[in-house]
Structure formats: structure tokens, C-alpha cells
Amino acid sequence: MKLLRVGEFGAERAAVLVEEGRYVDVSDVIGDVDAAFWAGGGPAALAPVVAERVAAGQVADLGSQRVGAPIARPHQILCIGLNYADHAAESGAAAPDEPVLFTKSPNTLVGPNDTVHIPRGSEKTDWEVELGIVIGARARYLQDEAAAEAVIGGYLTAHDVSERAFQIERGGQWSKGKSAETFNPAGPYLVTPEEAGDVRNLRLWLTVNGEPKQDGSTKDMIFSPTFIVHYLSQFMVLEPGDLINTGTPAGVGMGKSPQEWLAPGDVVELGVEGLGSQRQDVIAAP
């Protein structure tokens, strides 16, 4: 199943994609794709509703409607840094022995085609295509990776936009270089695990103004999605609807020689195989 949210920012309606460009509205049934949705049975509870509505012809065209992030604002956005050896190398860092954890503010979450803002005072805004994990059940002290797999609600394409000077050169934690408004486009949809297939072998790609920048595969992750979820559950409680960004492959602007940075007027396109693609116009923060 592919879940999406359609409509203007703050007024999105929950829906299920039934074929390319066509969806069934389920907002009257579940309200939103939030913690209550997962607690109420999640996608499995929606399947008969969707089948009934498709049979009744209650299918709408997506057309030019805005697609929002496929999940409502999560309790937390957790991120794993340096999770691809080639990206660690281009960053001048050793591959980590344990996952490198940082956070993004939950209000960074925007739709897959919303504009990305260059923060005021920024000189080094960078791109990062990533596989995102959405937690589908409350998780604490998970026993093993099999238990971790059972609490994953789905996967999505994520763009972990970063401001490297804020992140690295200004001291303190990474989060202030990760948490500017619009810094986490997500979607276009959330794909449930049975439809996502083998998430350890998905292509990730990103271009800027049509020029290829990143082209990698999740098979090159140092720490797998299930390892990450199990690991994080030993240190914190994961809540339904939480988003985990799992790291990016090589090709970020910081790793180029000379280094490259996003600027107003740029267009970024990116995607993860089977999870959909995104397109963002880059503008100066109003």
C-alpha cells in the first residue's frame, strides 16, 4: 500500500494511491496518518475500505493537487550520519563503529515538491537523498532485528537538507545545521514493507539542475534499517509515526572538489527506487 496526503499545507487529506496519479480519499476513516492511525491498525485496517471504494468508483485524479509529506508531523525525526562508507570518506571521517545519531526538528517536514529555503546567513546549503523509515508501533528495548522489522510501518524518500557551516563550523551539535524550515522534504508516499520489497537493495539518486550528483544503493549501508531501529530502541522510545532518516551515499556538495552548494534558482530532483521521486525549487528564505 502507498499512503499519501493531498492538499494545502496544514490541511492535507489522507489518501491511498491505487494507480499512478489516482487515489482514494480515506481521511473520513482515519483522520490523518499519525500516531492514532498506527494505533488503530494502520494500513491493514484500511485495505477493505480501499477495495470497497475502488469497486464503487470512488477514485480521484491527483492532477495538479499539492502532495504533502505522507505522514503528519512526527513526534521526532531521528537521523543517522555517515552510514555509507563512501560518504564518510568524502566527509573526511572514518566509517563509524556504531550509528552516529542526530536529530532534526519535526517542523522541518514538508512535501516532496515544496520549495526548499536557503536559510538566512547560509553559505553552504547541501543536499542528501536518503531512505526514510516510519515507525508503526511503539518500540522500546527491542530484543533483536526481527522485533525491529515488526515495528516498521513503512518507508519513504527523504531529503536531508543540511547547512554545513551551521552544522560543522559553528560548534556544538549538528542539529542546528539540520533544522532550518523546509529542510526535510518527504514522500511522495509512504510505502508499506510488503510493497517496498528488499530495502537493502534500492537505488538512490539526486540531481541539481539536471546534473547528476548522487547515485548509490542502500546495499552499501553500513547499518541496515532493522539494525538502526533495534539500536535506537536501546536508548530511547520510538513512537508510532516517528521518522528515521538512514543516511546518504557519496556525492554531497561538501564532498565535491571544489565544494558545491545550493543557491536560489536551483532545482533539485531526487528519488529512491520504488519509493517515488521529488522535485524542489530552491529559494532564499523569506
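Welcome: the count here comes to 5 aromatic pairs, where rings of Phe, Tyr and Trp (its six-membered ring) pair if their centres lie within 6.5 Å, with planes under 30 degrees apart called stacked, over 60 edge-to-face and the rest tilted. The model is predicted, so local features need pLDDT of at least 70, side-chain atom pairs count only at pLDDT 80 or more, and totals for chains, interfaces and linings use all residues. Residues are numbered from 1 along each chain as its sequence is written, and side-chain values use heavy atoms, leaving out hydrogens and water.

Start by selecting Phe223 and Phe227. Their rings are stacked, 5.3 Å centre to centre with 25° between the planes. Is Phe223 buried or exposed? Phe223 is buried, at 7% relative accessible area, while Phe227 is partly exposed at 30% (buried is under 20%, exposed over 50%, partly exposed in between, with a 1.4 Å probe and protein chains only).

Tyr231 is buried, at 15% relative accessibility.

Finally, zoom out to residues 77-282, where an unreviewed UniProt entry places the domain "Fumarylacetoacetase-like C-terminal"; positions follow the numbering used here, feature names are shortened, and annotations may be inferred rather than shown by experiment. This stretch is 15% helix and 33% strand, with its end C-alpha atoms 22 Å apart. Helices (H or I, at least four residues) and strands (E, at least two) are DSSP runs, numbered from the N terminus.
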